[in-house]
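Colleague: I am new to this structure and would like to learn how to read it. Could we go through it feature by feature?

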Amino acid sequence: MVIEATPWREAVRMTRALTADVCVADADVAERSPLGELTGLSGSPGGKRGAHRLLVLVSQDCPGALRRALDAGAQGFVGKDALPEQLVTGIRRVAKGERFVDNALAGTLLQASEVPLSRRELMVLSAAAEGASVPEIARGLGLSTGTVRNYMSAITRKTGARNRVDAIRISQGAGWL
């Protein structure tokens, strides 16, 4: 068995370059990184490029990170406080093409399915949380400013927020951002 370690920013490039069957990613570290770029890595086993399977380490109190991992095509989920044996079991199961969910994450998995924002809304809100203006968000995502404003209105309504800043606070508190 070969194990490679890399900073998150290099993980996507390295995962595509290596012939590993399973990629293990930390959802909390990936929170502000391109976890979505790993979406294309799920596939059949065999060590071919694009055939990697994704297992994600997740905190129990972060359903938003779990939701992003689900959206990225992750097939396995292990709690960060799990025993090493649990992680090894998860890796082996995912390598076989099976789904694996650490029992301790069952409640978090249910909460993750309750994220009210779409992937695009999360992208808009994430950019807003980084301080981008509506025109900057529009340029960055290839949208019109009107569309971004519509997304922000929907986000505010869906989160029950009073304004953009409140929506960011609520979403970060829930682990969606």
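Modeller: Keep in mind that this is a predicted model.

Colleague: Which residues does D26 touch, not counting residues up to four places away in sequence?

Modeller: With that exclusion, D26 touches L57 and K80. UniProt, in an unreviewed entry, places the feature "modified residue: 4-aspartylphosphate" at D26. D26 lies in strand β1, which covers residues 22-26.

Colleague: Does D26 count as buried or partly exposed?

Modeller: D26 counts as partly exposed because its relative accessibility is 21%, and buried means under 20%.

Colleague: How should I read the sheet?

Modeller: Strands of a sheet pair through backbone hydrogen bonds, either parallel or antiparallel. Here 4 strands form an open sheet in the order β1-β2-β3-β4, and the pairing is parallel. β1 and β4 (100-101) stand at the edges with a single partner strand each, so one side of each has no neighbour in the sheet.

Colleague: How many bridges join β3 to β4?

Modeller: Strand β3 (residues 76-79) is joined to β4 by 2 bridges. F77 stands opposite V101 in β4. Helix α4 (residues 84-95) packs on this sheet and touches β1, β2 (53-58), β3 and β4. The direction of α4 makes about 155 degrees with that of β2.

Colleague: Which residues touch the most other members of the largest nonpolar core?

Modeller: That core has 20 residues, and V124, L125, I137, V148, M152 and I155 touch the most other members. At least two residues of this core come from each of α6 (119-129), α7 (134-141), α8 (145-159) and α9 (164-173). The largest share, 5 residues, is from α6. Leaving out residues up to four places away in sequence, V124 touches I137, L141, L143, V148, Y151, M152 and I155. There is also a second, separate core of 14 residues, with A25, L54, A65 and A72 among them.

Colleague: How do I read a helix such as α9?

Modeller: An α-helix has 3.6 residues a turn, so residues three or four places apart point the same way. In α9, the residues D166, A167, I168 and S171 are buried. What covers the buried residues of α9 includes α6 and α8.

Colleague: What caps the N-terminal end of α9?

Modeller: N163 does, with a side-chain oxygen 3.2 Å from the backbone nitrogen of V165. After α9 comes G175, whose phi is positive, near 85 degrees.

How values were computed:
Residues numbered from 1 in each chain as written. Predicted model: local features only at pLDDT ≥ 70, side-chain atom pairs only at ≥ 80, totals over all residues. Heavy atoms only, no water. UniProt positions renumbered as here; feature names shortened; annotations may be inferred. Buried < 20%, exposed > 50% of the residue type's maximum accessible area, 1.4 Å probe, protein only. Contact = heavy atoms within 4.5 Å. Pairing = 2+ DSSP bridges. Axes fitted to C-alpha atoms, helices over the stretch in contact; angles between N-to-C directions. Core = buried A, V, L, I, M, F, W, Y, C linked by side-chain atoms within 4.5 Å. Polar contact = N/O pair within 3.5 Å; in protein donor to acceptor, adjacent residues only side chain to side chain.
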